[in-house]
Amino acid sequence: MGCWNPEIELMPKKDLEALQLKLFRSLVKSAYDHSRMYRDRMVAAGVEPDDLRSIDDIQKMPFMSKKDLRDGYPDKFFIAPRRDIIRFHASSGTTGKPTVVGYTRNDIENWSESLARSIVSAGLDENDVVQVANTYGLFTGGLGFHYAAERIGAAVVPASTGGTERQIELIKDLGVTAYAATPSYMVHLAEVAERMGVSIKNDTKLRIGLLGAEPWSEKMRDRIYDWTGVKGINCYGASELSGPLFSECGEQNGIHFWRDITYLEIIDPKTNEPVGPGERGEMVLTMLKKEAFPMIRYRIGDLSVADEEKCNCGRTHPRLRRITGRVDDMLIVRGINVFPSQVEYSLMANPEVGNEFQIVVERKGALDTMHVKVELKPEAFTDNIIELNAIRERIAFKLRNLLNVGATVELVEPGTLPRFEGKAKRVMDRREY
Amino acid sequence: MDVAKAMKESKVNILGFTIAEGSGYGVIRMLVDHPERAHEKLVKEGFVAKFTDVLAVDMEDKPGGLYDLTEVLKDNGINIEYAYGYRNRPRAVLILRVENIDKAVETILASGRTLLDTSHFT
């Protein structure tokens, strides 16, 4: 396995920490000087840039959350001059508006650099042919893997999502060696290939899967390997951070978070204090080199464990264990983030919809399905089936457009969905990994 | 509580009915002798129940009745949304839901047929 940037990747931990401190101080100064919003936050927290002497002083800094991105929609929290922004991406918001992020040229550079290091650590090089089956477009998955693979000199097949049979033909015919997708799509691919009479293990050169954007288990990793011969490499990222940014190395034993890219904290969400080594908690991420907008102590909502022990691969960057849950009610459906509040926002915009709805998420076969049951208002219930179907389709169309997920809708009679005292349990998630 | 039980409990007689279904929901349409009582009971039991205006055409109990009537309606541009019927010897009754009730009434009466009013069913 090669090393894309051995100087950084193998740098002794204390030198990396010194580098982090330097980057952190410069980051905070920039945010303080250029972001009204961020300066006000720091003032309210009683912190000034000069107060930050050691990396532990990061704990004096205020947190950021998705709400900031929502309140700042689309670009009120950007600190780079508008003309320096060369890319926008958008991803799931919590209501009607998406989350918008921006990038300067350096931001794009650092994003590709980070992921390039990761995929090389996983075993890829310029001889590889990488098929990118993540969504291209406003989501960061497709272009993220595309840029990283291209950067290391691999050949990129920009397949995006869908058209599974054609994807399998391309994998066979173009000699594809690595595949970037969600783990469930990888399983789906293997199923479709089998129906086509293609054995991924024997008929293709596919050996590495860059898999992420949704939770998956060791059991699933083993299943993928035994069935297809593909080594599943766990990947992590989010548009707020850039996009897909980090992955496991060939050891497949935790995702390396490059210290010069991100300062990773794990805190106890009840006290906001750092947890002890090896303890599970809420991830807090500081993007040390981001220019377009500050991401300082961003509470991304994922729960996990960080491992500071040096990896067998020799790299001195901490490893993140598998994400074990969320602090909020966000769902992931086919790799796409879905907030129940988005569903509510969309449904309530329809005049016929009553107050109750239920989201049922299942995995029949390899892929997730999302089914939304909606109670209509009694007045809206008609005996005309054609009209009811039209109402249902209208509701579904609006919902699918907002979520970018192929959800189905079912209309149910008023009074049939469960009622709750206190917070409504809107989601029935029947999946197991 | 199901619909049939509700009708039994409220001592409502179902004269004719039809069930339509599509994509997960079913609709039952009923001709009953005591519509108000039926509606009250159904709503009390948690059903979504509504009144709909339909026409009841007095028919001869012999082959060809349905065809002859629908031809008349077709020639006059009347669209039938749904229909169901029952035999009531020596005659028969056809229940019709149409888009344009007034035009349908005019057309049917002009063809020499009789429309039955509610007193016929109560």
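In the predicted model, eleven residues of chain A are in contact with eleven residues of chain B, two residues being in contact if their C-beta atoms, placed from the backbone, lie within 7 Å. On the side of chain A that touches chain B, helix H12 (385-403) and strand S20 (408-412) of chain A each supply at least two residues, and H12(A) gives the most, with three residues. Helices (H or I, at least four residues) and strands (E, at least two) are DSSP runs, numbered from the N terminus. By class, this side of chain A that touches chain B comprises six nonpolar, two polar and three charged residues; Ala, Val, Leu, Ile, Met, Phe, Trp, Tyr, Cys and Pro count as nonpolar, Asp, Glu, Lys and Arg as charged, and the others, Gly among them, as polar. The loop between H12 and S20 of chain A holds A:Asn404, a residue other than glycine whose phi is positive, near 60 degrees. Most residues other than glycine have a negative phi, and most peptide bonds are trans.

Residues are numbered from 1 along each chain as its sequence is written, and chains are lettered from A and ligands numbered from 1 in the order in which they are written. This is a predicted model, in which local features need pLDDT of at least 70 and side-chain atom pairs count only at pLDDT 80 or more, whereas totals for chains, interfaces and linings use all residues. For the complex, the predictor gives an ipTM of 0.73 and a pTM of 0.87. Chain B has a mean pLDDT of 93, with 98% of its residues at 70 or more, pLDDT being the predictor's confidence in each residue, from 0 to 100.

The secondary structure of chain A consists of twelve helices and 21 strands, and the C-alpha trace of this chain spans about 70 × 60 × 45 Å along its principal axes. Chain A has a radius of gyration of 23 Å, which agrees with the value near 22 Å that a compact globule with 433 residues would have; the radius is taken over C-alpha atoms, and the globule rule is 2.2 Å times the number of residues to the power 0.38. The domain assignment divides chain A into domain 1 (87-327) and domain 2 (336-429), with bounds that come from an automatic or database domain assignment. The C-alpha centres of domain 1 and domain 2 of chain A lie 31 Å apart, and the contact takes ten residues from domain 1 of chain A and 13 residues from domain 2 of chain A. Helix H8 (residues 183-195) of chain A supplies four residues, the largest share of the side of domain 1 of chain A that touches domain 2 of chain A. That side of domain 1 of chain A divides into one nonpolar, eight polar and one charged residues.

Helix H8 of chain A also meets helix H7 (residues 164-173) of chain A, and the axes of the two come within 10 Å and cross at roughly 85 degrees. H7(A) and H8(A) are therefore roughly perpendicular to each other, the term for angles of 65 to 115 degrees, while those under 35 count as roughly parallel, those over 145 as roughly antiparallel and the rest as oblique. Axes here are lines fitted to C-alpha atoms, for helices over the stretch in contact, and angles run from 0 to 180 degrees between N-to-C directions. The contact brings A:Thr164, A:Glu165, A:Gln167 and A:Ile168 in H7(A) together with A:His188, A:Leu189, A:Val192 and A:Ala193 in H8(A), and by class these are four nonpolar, three polar and one charged residues.

Chain B contains four helices and five strands, which run α-β-β-α-β-α-β-β-α from the N terminus on; its C-alpha trace spans about 45 × 35 × 25 Å along the principal axes. Chain B is divided into domain 1 (3-44) and domain 2 (55-120), whose centres, taken over C-alpha atoms, are separated by 22 Å. Four residues of domain 1 of chain B are in contact with five residues of domain 2 of chain B. Strand S1 (residues 14-22) of chain B provides three residues, the largest share of the side of domain 1 of chain B that touches domain 2 of chain B.

Each chain also contains a cis peptide bond. In chain A, such a bond joins A:Tyr73 and A:Pro74, with omega about -10 degrees, and A:Pro74 is found in the loop between helix H4 (66-71) and strand S1 (87-91) of chain A. In chain B, the cis bond joins B:Arg89 and B:Pro90, with omega about 10 degrees, and B:Pro90 has its place in the loop between strand S4 (80-88) and strand S5 (91-98) of chain B.
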